[in-house]
Amino acid sequence: MPTPHNQASYGEIAKTVLMPGDPLRAKFIAETFLKDPVQFNTVRNMFGYTGTYEGKRVSVMGSGMGMPSIGIYSYELYTQYGVESIIRVGSCGSMNKDLKIYDVLNVTGAFSESTYAYLQSGDTEKIQRPTPELVERLKKSAEELGIEMQEGTVSSGDVFYYDPSVFEERFQTLLDNGCVAAEMESFALFHNAKVTGKKAACLLTVSDSMITHEETTAEERQSSFTGMMKIALGAIEE
């Protein structure tokens, strides 16, 4: 039955969901890649669609920005809609000179100083991990498509705009914990998959660089990150 955040009925959402942060990116994916997409959610304009890709049923839905937002949507999908796998397809800021604009990153761990996991379940782990099986499926999909993909740990932060007085210290902490890029959602997604016994992975496209200070536009982030979208769709299970 519907939740306060999702008007879909049980069965309208596929077992695998691609989850961009931007609901307009969800709309773009549905209209560009899915056959006969049907919209299942418009609550809060957090658009969700179900269709097929190469004969496989799949859904795509926005998560919003930050861990509280993706925490709500992914937990409901796992526990109330029978979803088995969620693949986040988002953007990130590079913290590494070798990770350049438009590069695709297959996330192998999400470091965070957030209290999300602790408050949700008492989990004190600072690094949450994706499902190894899904990570391998994404690697295989990228290889079959001939799309180069990097791997690494990301920072999932609660803060986008740091006060200048603490920025250098916070940045160094992330580097010390092996982070190559920064985003704001995957830590909560991986945790939710762990506590519900489901699967999760995360693909990110570099939208800006903290090293070179290059950046993409909002429109480019919405509709131009097609490489990771194709990789994620190619990893859908039968």
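1. Asp123 counts as buried because its relative accessibility is 13% (buried is under 20% relative accessible area, exposed over 50%, partly exposed in between; 1.4 Å probe, protein chains only). This is a predicted model: local features need pLDDT of at least 70, side-chain atom pairs count only at pLDDT 80 or more, and totals for chains, interfaces and linings use all residues. Residues are numbered from 1 along each chain as its sequence is written, and side-chain values use heavy atoms, with hydrogens and water left out.

2. Where is Asp123 placed? Asp123 sits in the loop between α3 (116–121) and β7 (127–128) (helices, H or I with at least four residues, and strands, E with at least two, are DSSP runs numbered from the N terminus). Setting aside residues up to four places away in sequence, Asp123 touches Ala117, Tyr118, Gln128, His191 and Lys194 (contact means heavy atoms within 4.5 Å). Take His191: Asp123 and His191 are 68 residues apart in sequence, yet 8.6 Å apart in space, C-alpha to C-alpha.

3. Lys194 forms a salt bridge with Asp123, with the closest N and O atoms 2.7 Å apart (a salt bridge is a side-chain nitrogen of Lys or Arg within 4 Å of a carboxyl oxygen of Asp or Glu). This pair links distant parts of the chain: Lys194 is in helix α6 (residues 186–196), Asp123 in the loop between α3 and β7, and they are 71 residues apart. Lys194 counts as partly exposed because its relative accessibility is 46%.

4. How many salt bridges does a search of the whole structure find? The search finds twelve. One of them pairs Glu113 with Arg170, whose closest N and O atoms are 2.4 Å apart. Glu113 lies in the loop between β6 (104–111) and α3, and Arg170 in helix α5 (residues 164–176), so the pair ties together parts that are 57 residues apart in sequence. Glu113 is partly exposed because its relative accessible area is 44%. Arg170 is buried because its relative accessible area is 18%.

5. Lys139 also has a salt bridge, to Glu151, with the closest N and O atoms 3.6 Å apart. Here Lys139 is in helix α4 and Glu151 in strand β8 (residues 150–156), twelve residues apart. Lys139 is partly exposed at 26% relative accessibility. Glu151 is partly exposed at 41%.

6. Glu76 is worth checking. Glu76 is in helix α2 (residues 67–80). Glu76 is buried yet has no salt bridge, and the nearest side chain of opposite charge, Arg44, is 9.1 Å away (Lys and Arg count as positive, Asp and Glu as negative; His and the chain ends are not counted). Leaving out neighbours within four places in sequence, Glu76 contacts Thr3, Pro4, His5, Asn6 and Tyr81.

7. Helix α4 (residues 132–145) and helix α8 (residues 226–234) have axes that come within 8 Å and cross at roughly 120 degrees (axes are lines fitted to C-alpha atoms, for helices over the stretch in contact; angles run from 0 to 180 degrees between N-to-C directions). Leu138, Ser141, Ala142 and Leu145 of α4 make the contact with Lys230, Ile231, Ala232 and Gly234 of α8.

8. Ser141 is found in helix α4. Ser141 counts as buried because its relative accessibility is 4%.
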